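Visitor: I would like to learn how to read a model like this one. Please show it to me, and we can go feature by feature.

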Amino acid sequence: MKLKIALASIFLLTAVAAHADCDAQKAARNAAMNATVGVSGHCTPKNVSKDAIKNNTNLDETRNNISNKTQNVKNTASDARNTANEVKDIVKD
């Protein structure tokens, strides 16, 4: 009985700390813990779905940020080429 209480306490403490990155593996582990000990953590299949939806939204934002940064790099390279051509023209004169 003491072992079950100790294991449940350890699992609860680790489940609270692991909430930030809830994934399918942690949800399965919590379901197994619930079946054996009777106590589960916060990570459930429902939470995994919510995190996946939230991460997909973040992917769209990240994709837009990368596109903007790529365009900024292209603009900077173009400006550098124009400046180099202007310098060449001045040196030739």
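Visitor: Which residue just after H2 takes a positive phi?

Guide: Gly38, with a phi of about 95°. Some ground rules first. This is a predicted model, where local features need pLDDT of at least 70, side-chain atom pairs count only at pLDDT 80 or more, and totals for chains, interfaces and linings use all residues. Residues are numbered from 1 along each chain as its sequence is written, and side-chain values use heavy atoms, with hydrogens and water left out.

Visitor: What does pLDDT tell me, and where is confidence lowest in the protein?

Guide: pLDDT is the predictor's confidence in each residue, from 0 to 100. Where it is low, the predicted coordinates should not be read in detail. The protein averages 78, and 86% of the residues score at least 70. Helix H1 (residues 2-17) is lowest, at a mean of 65. H3 is highest, at 83.

Visitor: How many helices and strands are there?

Guide: Helices (H or I, at least four residues) and strands (E, at least two) are DSSP runs, numbered from the N terminus. The protein has 3 helices and 0 strands. Along the sequence the pattern reads α-α-α.

Visitor: How do I judge the length of H2?

Guide: Compare its span with the expected one, 1.5 Å times one less than its number of residues. H2 covers residues 24-36, 13 residues in total. From first C-alpha to last it reaches 18 Å, close to the 18 Å expected.

Visitor: Which residues of H2 are buried?

Guide: Buried means under 20% relative accessible area, exposed over 50%, partly exposed in between (1.4 Å probe, protein chains only). In H2, Lys26, Ala27, Asn30 and Met33 are buried. Seen down the axis of H2, they fall within an arc of 120°, so they line one face of the helix. That arc is taken from the directions from the helix axis to the C-beta atoms. As a general idea, an α-helix has 3.6 residues a turn, so residues three or four places apart point the same way. The face of H2 turned away from the buried side carries exposed Ala24, Gln25, Ala35 and Thr36.

Visitor: What is Val48 in contact with, beyond its neighbours within four places in sequence?

Guide: Contact means heavy atoms within 4.5 Å. Val48, in helix H3 (residues 45-92), is in contact with Cys22, Asp23, Ala24, Ala27 and Cys43. Val48 and Cys22 are 26 residues apart in sequence, yet 5.9 Å apart in space, C-alpha to C-alpha.

Visitor: Is Asn47 buried or exposed?

Guide: Buried, because its relative accessibility is 13%. Asn47 is also in H3. Leaving out residues up to four places away in sequence, Asn47 touches Cys22 and His42.
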